[in-house]
Amino acid sequence: MSGVKRNRNVLNAKQKLEILQKLDKGESASTDAEYVLNEGNTISHSAALQSVETLLGYVGQRGFDYADITAVRKISVDIRQEMNK
């Protein structure tokens, strides 16, 4: 399948920052991320999981509280469950 291009909808830096700011305020951001990722094209599970794992690393490095880290981990678990369906 070399040479096949896929359109992928991923969060840009501004969208990621907005989600992190919501998490920092104790708000839920999962529906915002789902909305952005589901606009137009869908994102592959592996790409979504990679983005969430990157976000988890960032959240851990920046000293976010346990609830924020747990929320990001839950998104990762949800993606893995979808992949196993």
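This is a predicted model: local features need pLDDT of at least 70, side-chain atom pairs count only at pLDDT 80 or more; totals for chains, interfaces and linings use all residues.
Let's start in the loop between α3 (45–61) and α4 (66–83), where you'll find D65. D65 is partly exposed, with a relative accessible area of 44%. Along the chain, D65 and L23 are 42 residues apart, yet their C-alpha atoms are separated by 9.5 Å.

Is D68 buried or exposed? D68 is buried, and it does this without a salt bridge, since its nearest side chain of opposite charge, R62, is 11 Å away. If you skip the neighbours within four places in sequence, the residues touching D68 are L23, D24 and V59.

Now for charges that do find a partner. Side chains of opposite charge can pair when their charged atoms come close. The model has two salt bridges. In one of them, R80 pairs with E53, with the closest N and O atoms 2.6 Å apart. This pair ties together distant parts of the chain, as R80 belongs to helix α4 and E53 to helix α3, 27 residues apart. Both ends are partly exposed: R80 has a relative accessibility of 40%, and E53 comes in at 38%.

The other bridge joins K74 to D78, and here the closest N and O atoms are 3.0 Å apart. K74 and D78 both lie in helix α4, four residues apart, or about one turn of the helix. D78 is partly exposed too, at 31% relative accessible area.

Conventions: Residues are numbered from 1 along each chain as its sequence is written. Side-chain values use heavy atoms; hydrogens and water are left out. Helices (H or I, at least four residues) and strands (E, at least two) are DSSP runs, numbered from the N terminus. Buried means under 20% relative accessible area, exposed over 50%, partly exposed in between (1.4 Å probe, protein chains only). Lys and Arg count as positive and Asp and Glu as negative; His and the chain ends are not counted. A salt bridge is a side-chain nitrogen of Lys or Arg within 4 Å of a carboxyl oxygen of Asp or Glu. Contact means heavy atoms within 4.5 Å.
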